[in-house]
Amino acid sequence: MNDRATVPERALVLSYAPAATRTGLAALLALDDTLGQILRTTREPLVGQMRLTWWHDALTALDAAPPPAQPVLQALAESVLPRGVSGAQLAAMIDGWEALLEAEAIGPAALAAHAAARGRTMFVAARSLLGGASSDPVEAAGEGWALADLARHMRDPEAARRAAAAASPAIAAATAIRWSRAGRPLGALAHLARMDLAVPLDTPILRATPRRVARLALHRLTGR
């Protein structure tokens, strides 16, 4: 669920990826933004379900046919699928958003499903794209990152607190380990999530501050 304020930090994270994989990582993040925007702009669950179903089918179809004239799908087909990530694999991200759409109340089960299908799926795909090491804690990083982001976009304060609380142990685990050089763009996203979690949910996050940029630079140099 991106907003304009995150753009400078995202550009910095993308700069950590080799030029050959940068466009692909940007495409994965753009896919996540697009799916999140569906929930943010849909008032009727049935309409949201129909839109998510369209994306599920479109992603799956990338494995057998050229992409339609849709920029995100075209970028995925050109820059992600040739590196061993399938459209069907990416389509699993839809389950994470459906878990929120279908839940009467967003409790632990819905949060766990969202974290796994959205965050873990995307980060595992990104590791394949980037050539990260198997030791990179992408599962924990992806789940924690997804929940930390979700917490900042929920209207229900109590549900937001639950999402942030669920994100904390995963992000703590992901940022306690040294990341491989190839995996450091994903490690940087985990560190951004950790810094976001340190800010009270009712307080705006000041992004791209010298302190945050310096922490990302340290991670880029050391993997920690």
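Here are some friendly notes on this predicted model, from the overall fold down to single residues.

1. **Ground rules.** This is a predicted model, so local features need pLDDT of at least 70 and side-chain atom pairs count only at pLDDT 80 or more, while totals for chains, interfaces and linings use all residues. Residues are numbered from 1 along each chain as its sequence is written, and side-chain values use heavy atoms, with hydrogens and water left out.

2. **Overall fold.** The chain has eleven helices and zero strands, which gives the pattern α-α-α-α-α-α-α-α-α-α-α along the sequence. Helices (H or I, at least four residues) and strands (E, at least two) are DSSP runs, numbered from the N terminus.

3. **Dimensions.** The C-alpha trace spans about 40 × 40 × 30 Å along its principal axes. A compact globule of 224 residues would have a radius of gyration near 17 Å, and the 16 Å of this chain agrees with that. The radius is taken over C-alpha atoms, and the globule rule is 2.2 Å times the number of residues to the power 0.38.

4. **Surface and contacts.** The accessible surface comes to about 10,200 Å², with 59% of it belonging to carbon and sulfur atoms; areas come from the Shrake-Rupley method with a 1.4 Å probe, and for residues only the protein chains shown count as cover. Of the 224 residues, 48% count as buried (buried is under 20% relative accessible area, exposed over 50%, partly exposed in between; 1.4 Å probe, protein chains only). Among contacts (heavy atoms within 4.5 Å) between residues at least 6 apart in sequence, 67% join residues at least 24 apart.

5. **The core.** The largest nonpolar core holds 63 residues, and those with the most contacts inside it are Leu31, Leu35, Trp55, Leu59, Leu76, Leu90 and Leu186. Such a core is a set of buried Ala, Val, Leu, Ile, Met, Phe, Trp, Tyr and Cys residues joined through side-chain atoms within 4.5 Å.

6. **Helix α4.** In α4 (residues 71-79), Val72, Leu73, Leu76 and Ser79 are the buried residues. Seen down the helix axis, these buried residues fall within an arc of 160°, so they line one face of α4; the arc is that of the directions from the helix axis to the C-beta atoms. Pro71 and Glu78 are exposed on the other side. The buried residues of α4 pack against α2 (19-41), α3 (45-61), α5 (87-91) and α7 (108-130).

7. **Helix α6.** Eight of the ten residues of α6 (residues 93-102) are buried, so this helix is largely enclosed by the rest of the structure. The buried set is Met93, Ile94, Gly96, Trp97, Glu98, Ala99, Leu100 and Leu101. Their cover includes α2, α3, α5, α7 and α8 (138-151).

8. **Helix α1 and Val13.** The buried residues of α1 are Glu9, Arg10, Val13 and Leu14. Down the axis of α1 they fall within an arc of 140°, so they line one face of the helix. They pack against α2, α10 and α11. Val13 counts as buried at 1% relative accessibility. Its C-alpha atom is 6.3 Å from that of Ala188, 175 residues away along the chain. Beyond residues up to four places away in sequence, Val13 touches Pro185, Ala188, Leu189 and Leu192.

9. **His191.** This residue sits in helix α10 and is buried, with a relative accessible area of 1%. Leaving aside neighbours within four places in sequence, His191 is in contact with Thr175, Arg215, Leu216, His219 and Arg224.

10. **The loop between α10 and α11.** Val199 lies in this loop, between α10 (184-197) and α11 (210-222), and is partly exposed with a relative accessible area of 21%. Apart from neighbours within four places in sequence, Val199 is in contact with Arg152, Pro204 and Ile205. Ala208 is in the loop too. Please have a look at its backbone: Ala208 has a positive phi of about 60° although it is not a glycine. Ala208 counts as partly exposed, at 35% relative accessibility.
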